[in-house]
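Good morning. I will talk through one structure, starting with a pair of helices and ending with a loop.

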Amino acid sequence: MEGIKSELFSFLKWIVLTLIIGAAVGLIMSGFAFLISVVTSFRLAHMWMLLLLPAAGCVIVFLYHRFGHEVDHGTNTVIEAVRENAPMPYEQGLLVLAATVITHAFGGSTGREGAALQLGGSAASLIGDVLKLDEKDKKIFLMAGMSAAFAALFGTPLAASVLPMEFVSVGEMFYPALVPCVLASFTAHAVAVAVGTASLSVPYAVASVPKLYSIAFPKAILIGALAAIAGILFINALHITDSYFDRWFKGKPYIRVIAGGAAVAALAYLLGTQDYCGLSSQVIHDSFAGNAAPYAFLLKIVFTCLTLESGFKGGEIVPSFVIGASVGCLLSGILGLPADLASACGMCSLFCAITNSPLTSLIIALELFGAEGMGFYAVAVAVAYRLSGYYGVFGSQKIHFSKTAPETVDIAPSELFKKHH
């Protein structure tokens, strides 16, 4: 009887806790999404804002120095907090929020998930300390905060429920967090839908789906393979850009961010477009319509590397969607596949290649593109996961199990890069 009471109390406790974190993070993320939308709309209408990007970068560097966070590990901070019980500074969430909004306002090419996951983790850490949760409960609470943030911002509550359980330690799932992550995710998404920053519709519905068991099936395999290569290219480009910035501007963060901001602004003016600035949502829409430039994925890689590695803030996941969609669009013409299907395969498989999270990638495909093409998305994701090796955009991830054999490897992507370079 005592065991039943204890289980019931624990269950009810987590329902209350996850409703709290889900609602709180949902509101914060909705406000964040609204700010990004407002500043992006203004920038798109006033291209001269790009000229102020170097100055905006200096403001970001100043803010981080002012509050003693010169070294920022981005999403890796949250991963380390979950896996190793590392401290999660409260103010870091607010810092990355402000820095990400500034970056988008002036044309930096980046995503939003870095800010989202850090904000979700910071909120969970703060509330967990106020409620005096122990270390084990706080770990679960941090994961619930990550789920809530991702769900509210990306509108994918199912995928967000699985994401922190899968990608913190690849190859093993932390099931004690299942109920908290699911409840926090759907609570946050409900809040975002209620205030109008998210919707229940499928954002990139794929209409042109050929028969699964046809010549189209091996073509999806090829898209997965090439998306893995593009993902590895993206990851290496980020590291190489970082190493060159370190070499050229060591100990000079202001000059570093000015150089990166000036390069992004100059490239945008040279190309005569803001398509590769900010979230680059237009490139995704063009890809699904079959109209993206053949070199779009390369330009997005260049813009994103210059932005993130010079000191601006945001994240790599949205850029990975853009790169994957444009790779798929390019291959659709070569392989004779519908552009929307090929772009969808490219998006979910490249996301998998850089995050090492195949289950999350499959569920994201379901929520972003609809169920009809799931067979194609599944094979593309599986192939990308296998062929991307042990690379990853989040260096603090721990790949616990081998991708090729039933054995443990415990490899961190950051260690792999140092070994190979």
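Helix 6, residues 135-154, packs against helix 8, residues 178-195, at an angle of about 35°, and their axes are 7 Å apart. Keep in mind that this is a predicted model. The crossing of helix 6 past helix 8 is right-handed.

Which residues in helix 6 meet helix 8? On the helix 6 side they are Ile140, Met143, Ala144, Ser147, Ala148, Ala151 and Ala152. On the helix 8 side they are Pro180, Cys181, Ala184, Ser185, Ala188, His189 and Ala192. Sorted by class, this contact has eleven nonpolar residues, three polar ones and no charged ones.

In soluble globular proteins, nonpolar side chains tend to be buried together. Here the largest nonpolar core has 129 residues, and the members that touch the most others are Ile21, Phe288, Phe369 and Tyr377. Helix 6 gives the largest share of this core, 13 residues.

Take Phe369 from that group. Beyond four places in sequence, its contacts include Phe288 and Tyr377, and also Val202, Tyr204, Ala205 and Val206. Ala344, Met347, Cys348 and Ile364 are in contact with Phe369 too.

That brings us to Val202, which sits in the loop between helix 8 and helix 9.

Terms used. Residues are numbered from 1 along each chain as its sequence is written. This is a predicted model: local features need pLDDT of at least 70, side-chain atom pairs count only at pLDDT 80 or more; totals for chains, interfaces and linings use all residues. Side-chain values use heavy atoms; hydrogens and water are left out. Axes are lines fitted to C-alpha atoms, for helices over the stretch in contact, and angles run from 0 to 180 degrees between N-to-C directions. Helices (H or I, at least four residues) and strands (E, at least two) are DSSP runs, numbered from the N terminus. A crossing is left-handed if the near helix is turned anticlockwise from the far one by less than a right angle, and right-handed if clockwise. Contact means heavy atoms within 4.5 Å. Ala, Val, Leu, Ile, Met, Phe, Trp, Tyr, Cys and Pro count as nonpolar, Asp, Glu, Lys and Arg as charged, and the others, Gly among them, as polar. A nonpolar core is a set of buried Ala, Val, Leu, Ile, Met, Phe, Trp, Tyr and Cys residues joined through side-chain atoms within 4.5 Å. Buried means under 20% relative accessible area, exposed over 50%, partly exposed in between (1.4 Å probe, protein chains only).
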